[in-house]
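Dear colleague,

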Amino acid sequence: MLNIAVKAARQAGKLLLRYTGQLGNLTVETKGRNDFVTAADRDAEYVIIKTIRAAYPNHAILAEESGLHAGNEYEWIIDPLDGTTNFVHGYPQFAVSIALRRRGQLDQAVVYDPLRDEIFTASRGGGAHLNDRRLRVSQSNSLSSSLLGTGFPFKSMEYLETWISTFRALLPRTHGVRRAGSAALDLAHVASGRLDGFWEIGLGAWDIAAGSLLVTEAGGIVSDFAGGQAFLASGNVIAGNPRIHSEITHLIGPLLPPELHC
Ligand code: IPD
Ligand code: CA
Ligand code: CA
């Protein structure tokens, strides 16, 4: 199943790269405030679903652009282009994200960065890899020596002030904070130790399903804002090596309104 996911991710990545050469001709549609979709998103999603369905016609699919396709207890969670805003601006940071969930557990994960030709993979219990190299989260044992990733609110501004308060609490304690624009890659970079931790409010399941398995299989921790495992449903995510995850969780917990304790 991981091989099929890798094949689908590579095909989608190749297609996205072709689109980067003709961005001027790309029509950008607006799904909502600052929420865009292009033919690149749709074509990449079509290619991924076609490849998965050819191998596993009975599996269910949850894909960002086409929604839920009913099937059996195997469910593929797909973000064909994570980082659409970057993509439409020609900013070189985006990825394909594919995960397989079965009976509530993530089993397989692929995040593909076509610009760097980096393929991050994980299988439950089998570790995480970047191309053929085994991944481990960073060894950093304190925020004071950490580099963090985050995502700014950009669709709904409902939690802008909350996010700013978390940023204010974390930034001065770190080496720095990056906002690169692809949550899937942010998590892949936590898994590979390039980032020590990551937090973001209100993501979609497709943004984080694959990346979260990469992090846990690389020895890290992923949780929702209450320290629980409801992050795919709530979209509120804290990830990091165990030490950094715990520091972020304790620092931002008291700043969150009650409805974000999930
Ligand atoms: C977005 C990216 C971004 C995150 C957003 C996501 P999209 O995904 O992951 O980093 O901050 O919340 O929606 O819309 O480009 O697939
Ligand atoms: Ca996304
Ligand atoms: Ca997307």
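**Ligand 1 and its surroundings**

A backbone N or O atom of Thr84 lies 2.8 Å from an oxygen atom of ligand 1, which falls under the polar contact cut-off used here (a pair of N or O atoms within 3.5 Å). The protein covers 94% of the 380 Å² of accessible area that ligand 1 has on its own, with areas taken from the Shrake-Rupley method with a 1.4 Å probe.

This is a predicted model, in which local features need pLDDT of at least 70, side-chain atom pairs count only at pLDDT 80 or more, and totals for chains, interfaces and linings use all residues. Residues are numbered from 1 along each chain as its sequence is written, chains are lettered from A and ligands numbered from 1 in the order in which they are written, and side-chain values use heavy atoms, with hydrogens and water left out.

A polar backbone atom of Gly83 is 2.7 Å from an oxygen atom of ligand 1, and a polar side-chain atom of Glu64 lies 3.4 Å from an oxygen atom of the ligand. Around ligand 1 there are 15 residues, of which Asp82, Gly83, Thr84, Arg179 and Glu200 come nearest (a residue counts if one of its heavy atoms lies within 4 Å).

Domain 1 (2-134) and domain 2 (143-260) each supply at least three residues to this shell, the bounds coming from an automatic or database domain assignment.

Best regards

Notes. Polar contact = N/O pair within 3.5 Å; in protein donor to acceptor, adjacent residues only side chain to side chain.
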